[in-house]
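Trainee: I would like to learn how to read the features of a model. Please take me through them in turn.

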Amino acid sequence: MLALTELGQRLRQERESKGLSLEDLQKLTKIQKRYLLGIEEGNYEVMPGKFYVRAFIKQYCEAIGLDTDAIFEEYKSDIPSTQTEDMPQQLSRVRSRKEIPQHTKGVSKAYDYLPTVLVVAGVVVVGIIIWVIAQNIVSDKNKEQANQEAPNSEVQQSNTQEETNETTAKNDNSNSEDEQSAADKKEQEKEKAEKEKAEKEKAEKEKAENEKKDSGKQEYKEVQKTGRSATYALSGTDAFNLEVTSTQADTWLDVKNGKGNAFFSSILKKGETKEFDLTKETEARVNIGYSPGVELKVNGKAVDLPFDSSKQVRQVVTIQYQPAEAQ
C-alpha cells in the first residue's frame, strides 16, 4: 500500500469522522472504489486521466462536506494540473478511413445488385399482364349477369318503393320521439351545469377564506445568503417541525441546533424521510451533502432550497425560529 499524502490523509480522516466507508462514498459520488482509494493514497496513476483526478477530488470533498476551493488551494502541490492528452492512435484511425474512396464503394455495390433488380422488374411486368387479362374476364361476366337480371328489375323497384314509404313513416315517428328526448337531455345538462357552477363557486369562496385566515399566521422568509449558505426566519407559528426527504439518491445529512448539538448526522437513503420536532429550539442548521432531489418541509409546507442544486450540490440552510407567543 502506498504512503498517504497530506491531502489523502486529510480526506480519509474527514470521511471516517463522518462514519463513512469507501463503499458508502462510492454510492454517494458514483465513483469507483479503486479511484477513491487512489485519491486517499495519492496514487493518481490508476485514474483514466489527469482531468479526472481533479474532478474526482472535487466530488469527494463535496460528498463529505469540505469546501472544495479551500482544499484545492491548500493542497495544490498534491493535486496535478490538467493537460491536453494526445490521441495519435485515434487520429491515425480517422485518417485511414478518410483515405478510402467512398464513391468507388457505391459503384461496386450497385453492380452487385444489378442482376437482382432485373429479375424483380421482370416479375413485376408479368404480374401486370396477368392482372389486365383477369380484369377483362371479370368485366365480360358482369355484363352477362346484368342482361339476365334486367326483367326482374321493375318488380324489385316496386317492392323497394313500398319499403321506402314504410321506412319514411317510421322515421317521422322516431324523429318526434328523438326531439322530445333531446329537449329533456338538454334541460338535464343545463341543471347539471348550474349545479357544478354553484359548487365550484362555493369551493373557491371557502378556499379564499382559508387563505385569508392563514395569511396572518406562519411566515418563512430569507434573511441572508452567501456562498453555499443561507439563513431564513420562521415566525407566526407555535410549532417548528422539519421534514427532509431524499428522492433521487443517497445524501449526507447533518441537522444541529444553534448550540451545535446534533439531531442527525449520517446518510439519508434514497426515498427516506427524516422528521425533526424543533419547537423547543431557537435555531436549526441543516447541512445537505448532495442537494439534487432533496425536499424540505417546514410544518408540513414545502419550502425551496436557497440555491440551484445543479450549481450548488452542497447547501447549508439555517432556520431561526421565533414562536408566535413570544412575538
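Mentor: Start with accessibility. Buried means under 20% relative accessible area, exposed means over 50%, and partly exposed lies in between, with a 1.4 Å probe and protein chains only. By that rule Val-124 is partly exposed, because its relative accessibility is 47%. This is a predicted model: local features need pLDDT of at least 70, side-chain atom pairs count only at pLDDT 80 or more, and totals for chains, interfaces and linings use all residues. Residues are numbered from 1 along each chain as its sequence is written, and side-chain values use heavy atoms, with hydrogens and water left out.

Trainee: Where is Val-124 found?

Mentor: In helix H7, residues 102-149. Helices (H or I, at least four residues) and strands (E, at least two) are DSSP runs, numbered from the N terminus. Val-124 also belongs to a nonpolar surface patch with Val-120, Ile-128, Trp-131 and Val-132. Together they have about 490 Å² of accessible area. Areas come from the Shrake-Rupley method with a 1.4 Å probe; for residues, only the protein chains shown count as cover. Patch members have over 30% relative accessible area and no salt bridge; like charges are joined within 9 Å, nonpolar side chains (Val, Leu, Ile, Met, Phe, Trp, Tyr) within 5 Å.

Trainee: How do I read strand pairing?

Mentor: Two strands pair if DSSP finds at least two bridges between them. Take E10, residues 315-321: 6 of its 7 residues are buried, so the rest of the structure largely encloses this strand. E10 pairs with E2 (residues 229-235) in the parallel sense, over 6 bridges. There Ala-230 stands opposite Val-317. With E7 (residues 283-288), E10 pairs in the antiparallel sense, again over 6 bridges. Gln-315 is the bridge partner of Ile-288.

Trainee: What describes a pair of aromatic rings?

Mentor: The distance of the centres and the angle of the planes. Rings of Phe, Tyr and Trp (its six-membered ring) pair if their centres lie within 6.5 Å; planes under 30 degrees apart are stacked, over 60 edge-to-face, and the rest tilted. This structure holds 6 aromatic pairs. Phe-51 and Tyr-52 are edge-to-face, at 5.7 Å centre to centre and 80° between the planes. Phe-240 and Tyr-321 form a tilted pair, because their planes meet at 45°, with centres 5.3 Å apart. Phe-240 lies in the loop between E2 and strand E3 (241-246), and Tyr-321 in E10, so this pair ties together parts 81 residues apart in sequence.

Trainee: Are Phe-240 and Tyr-321 buried or exposed?

Mentor: Both are buried. Phe-51, in contrast, is exposed at 55%. Ring pairs also link Phe-51, Tyr-52, Tyr-35 and Phe-56 into a cluster.

Trainee: How many salt bridges does the structure hold?

Mentor: It holds 10. Each is a side-chain nitrogen of Lys or Arg within 4 Å of a carboxyl oxygen of Asp or Glu. Glu-74 meets Arg-10 at 3.7 Å, N to O. Glu-74 is in helix H5 (residues 68-74) and Arg-10 in helix H1 (residues 6-17), so the pair ties together parts 64 residues apart in sequence. Lys-58 and Glu-62 also form a salt bridge, with the closest N and O atoms 2.8 Å apart. These two are separated by about one helical turn because they are 4 residues apart in helix H4 (residues 50-64). Lys-58 is partly exposed at 38%, whereas Glu-62 is buried at 13%. Salt bridges with shared partners also join Arg-12, Arg-15 and Glu-40 into one network.
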